Amino acid sequence: MKFTAAALKEKILKGSLGFTLISMVFGFSLGAIVLLVAGFNPIQAYWEILKGIFSKPKYMSYVIIYATPLIITGLSVAFALRTGLFNIGAEGQYIMGAMTAAAAGYFFKLPMVLHVVVAVALAVMIAALWGGIAGYLKARFGVNEVISTIMLNWTALYLSNFAITIDAFGRSGTGKTYTIQDTAFIDILGHWKRTPEGIEFLRNHPMLWDILKSPVNLGFIFAILLAVMVWYILNKTTLGYELRAVGHNPFAAEAGGINVKRSMVVSMFIAGGLAGAAGAFQVLGVSHRIAKLAVMEGYGFDGIAVSLIGNNTGPGCLLSGLLFGALKYGGSKIQDAMNAPTEVINIMIGTIIIFVAMPKLIRLILTYKSRRGVK
Amino acid sequence: MEALVNDLGFIIGTTLMYSTPLIFTATGSVITERSGIINIGLEGMMYFGAFVGAAVAYFTQDPWIGFLCAGLAGAFLALFHAIATVTFSAEQIVSGIAINFLGPGLALFLSRLFFDGATQTLTIPNKMPLPLNFLFGDGKLFASTGFMDLVFNQFATVYLSIALVFVAWFFLYKTRLGMRLMAVGEHPEAADSLGISVYRIRYGAVMTSGFLAGLGGAAMSIAVVSRFSNTLISGHGFIALAAMIFGKWRPQGALLACLIFGGAKGLEIYLGAKGFPVPSSILATLPYVLTIIILVGWVGRSRPPAAIGKIFDKGEA
């Protein structure tokens, strides 16, 4: 393999990774310009963000904790998108998953590992059905999935809020549900770190102690496994081939003997299950309960961004989810450090996405020099 | 009997008030979709418009200047959507999603700068006026309480939004430009061959939708309430999008759909205030479930513009 500058340029010009990286340069540059115009030193701001991500083990573990649900909702959006379906509904599927996991985690009395398995399986199932509704409506009645998933998001939000008002489930007056049983926790060393021996041990191991100050949990490991699973299903199985064929050209797929309608339902079913898993891991590993939602939390919407920046692939979502988590967590630091609005992160992410959407423009910019040479 | 009539008036009044932001935004959405460009960034444009409207109304003390600037703010964001989708053939939904990050990002960024680090503006000194207020009161045509007051003594934005639907209807079906716009949405290549500038019409349509979404946001922040906050626009843009499709890509249909959504909200508030035994969260799901049910029975007879979402590249045509 040759690594000449020309070969590299060729790769970047052709490959979507290159487009993504260039879009990110644009995003970060625009973020810097916005900060500069607003009277902040962009170099200092980026330094604060980097420090806020990397300077302590605790920060890095928070980045991972922030990234985990976003990676998985990103996978959900990516999976549907590869079948040509826009899953705006990851948000609602996430809510359904979180609600189911919170209920199963609280009401069931089961031994340790089994409890987690049951809670996650139920959450995935319910959320998959929730996603499957949109797939079915599209396949059977031709209802645009963008619209139906938006409606299902709000329905899920209000259903979840309703569940919290049920006395057996919600702690009355607090707007929160009861904490799930210990057996359903997926925290890493969650109990041990509060026992006298644990505290004693951690005193002598400051780095580990620092990491364990954050709600470290198994969610990230599951996220990696799910990313691999999505990659495997899409690229190595007949099902994945069929789903991608439908996404590529439904008419050709139909002519080739693929059941397009079934593919739509299956794709949304799996996408829903993924988003539901994100909600379940968040409840079992971080929040341990659900709370009344005044507005959407945005895990699903952020997942759309994660998927798009990650070029709608499993590994891509893993990387872009981590980037998103890092920006979200690190970006919150500039507020306190220099009183600069943390929302500049959203401006950057929006800019990255809009450039990702315009490969034509990037190609134009990149080939500008050579075209001028020809003339 | 009178109480019943007044209750009805209350529901109709709140319906109109809550429908208004949706009507502005959905009407704009009809215009852009009819030209063949999907605008899923309505939410971000409303959000930004709501902030700019309230902020300008706060500093100038004039709601009308705020309202106008809100429209311009929405159009400003729409310009990026137009550049991306029309000039650079971007995937329209992706670009719209980008706008949904940019709009709230810009709004909150500026809010923190101008309002001392807060994610909401201060209360504006002057809300949108009630233009028919002079008809109501002691010794006037109508009493200052009761059915007529509840239904007809509305903010100026309410009347404007209804008028806008008529204007949009007239524009689309009765003017040459409107017909051309719909031709571009159905078959851009054919329109192009007849000498219609597809690019120019689409730029105009997308920016009009941004302007109207901005107005919709302001109709929320300077009329329904009197300040912008970070939770004020929570999904209204998406609902407006749904209303446009629900209304079969027609202004008058979108109006009806917006009134249904607003009506559900009005009913929810009314029943909530009356201590109705059904939990408010369950009532709140009604409009969304209803929309799905109606879409299932409805779409067979509704059809989006033929060229919706498709890239038109003159060089390749």
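This is a predicted model: local features need pLDDT of at least 70, side-chain atom pairs count only at pLDDT 80 or more; totals for chains, interfaces and linings use all residues.
The size of an interface is often given as the accessible area lost when the parts come together. Between chain B and chain A, the buried area amounts to about 3,900 Å², and carbon and sulfur atoms contribute 84% of this area. Three phenylalanines stand out on the side of chain B: B:Phe88, B:Phe101 and B:Phe109 provide 19% of the area that chain B buries against chain A, which is more than any other three residues supply. The count of salt bridges between chain B and chain A is one. In this salt bridge, the side chain of A:Glu343 meets that of B:Arg112, with a distance of 2.7 Å from N to O.

The empty space of the model was then examined. Rolling a probe the size of a water molecule over the atoms shows where empty space is left. The largest pocket has a volume of about 1,900 Å³. Its lining consists of 50 residues, and those closest to the centre of the pocket are A:Gly84, A:Phe86, A:Glu145, B:Glu91 and B:Ile93. In chain A, the elements that give two or more residues to this lining are helices H2 (16-37), H4 (57-82), H7 (145-165), H11 (238-248) and H12 (250-255), while in chain B they are helices H4 (92-114) and H10 (236-246). The greatest contribution to the lining of the largest pocket is that of H11(A), with four residues. Domain 1 (7-38 + 341-375) and domain 2 (57-333) of chain A each give at least three residues to the lining of the largest pocket. By class, the lining of the largest pocket comprises 28 nonpolar, 14 polar and eight charged residues.

The second largest pocket has a volume of about 990 Å³. Of its 30 lining residues, A:Met296, A:Glu297, A:Gly298, A:Asn346 and B:Pro104 are the closest to its centre. Two or more residues of this lining come from each of helices H14 (299-309), H15 (314-331) and H17 (344-356) of chain A, and from each of helices H2 (42-60) and H4 of chain B. H4(B) gives the most to the lining of the second largest pocket, namely six residues. Domain 1 and domain 2 of chain A are each represented in the lining of the second largest pocket by at least three residues. In the lining of the second largest pocket, 15 residues are nonpolar, nine are polar and six are charged.

Across the whole structure, two cavities of 30 Å³ or more are found. The largest cavity holds about 50 Å³ of space. The residues that line the largest cavity are A:Ile65, A:Thr68, A:Pro69, A:Ile72, A:Asn217, A:Ala278, A:Phe281, A:Gln282 and A:Val286. Helices H4 and H13 (260-287) of chain A each supply at least two residues of this lining. Six residues of the lining of the largest cavity are nonpolar and three are polar, with no charged residue.

The second largest cavity contains about 40 Å³ of space. This cavity is lined by B:Ile37, B:Thr85, B:Val86, B:Ser89, B:Gln92, B:Arg202, B:Lys310, B:Ile311 and B:Phe312. The lining of the second largest cavity divides into four nonpolar, three polar and two charged residues.

Key:
Residues are numbered from 1 along each chain as its sequence is written. Chains are lettered from A and ligands numbered from 1 in the order in which they are written. Side-chain values use heavy atoms; hydrogens and water are left out. On a 1 Å grid over the protein atoms alone, a cavity is a set of points where a 1.4 Å probe fits but cannot get out, and a pocket is an open set with protein on both sides within 12 Å along at least five of seven lines; lining residues have an atom within 4 Å of a point. Grid points are joined across faces, edges and corners, and a volume is the space filled by probe spheres set on the points. Ala, Val, Leu, Ile, Met, Phe, Trp, Tyr, Cys and Pro count as nonpolar, Asp, Glu, Lys and Arg as charged, and the others, Gly among them, as polar. Domain bounds come from an automatic or database domain assignment. Buried area is the accessible area (1.4 Å probe) that two parts lose on being put together, summed over both. A salt bridge is a side-chain nitrogen of Lys or Arg within 4 Å of a carboxyl oxygen of Asp or Glu.
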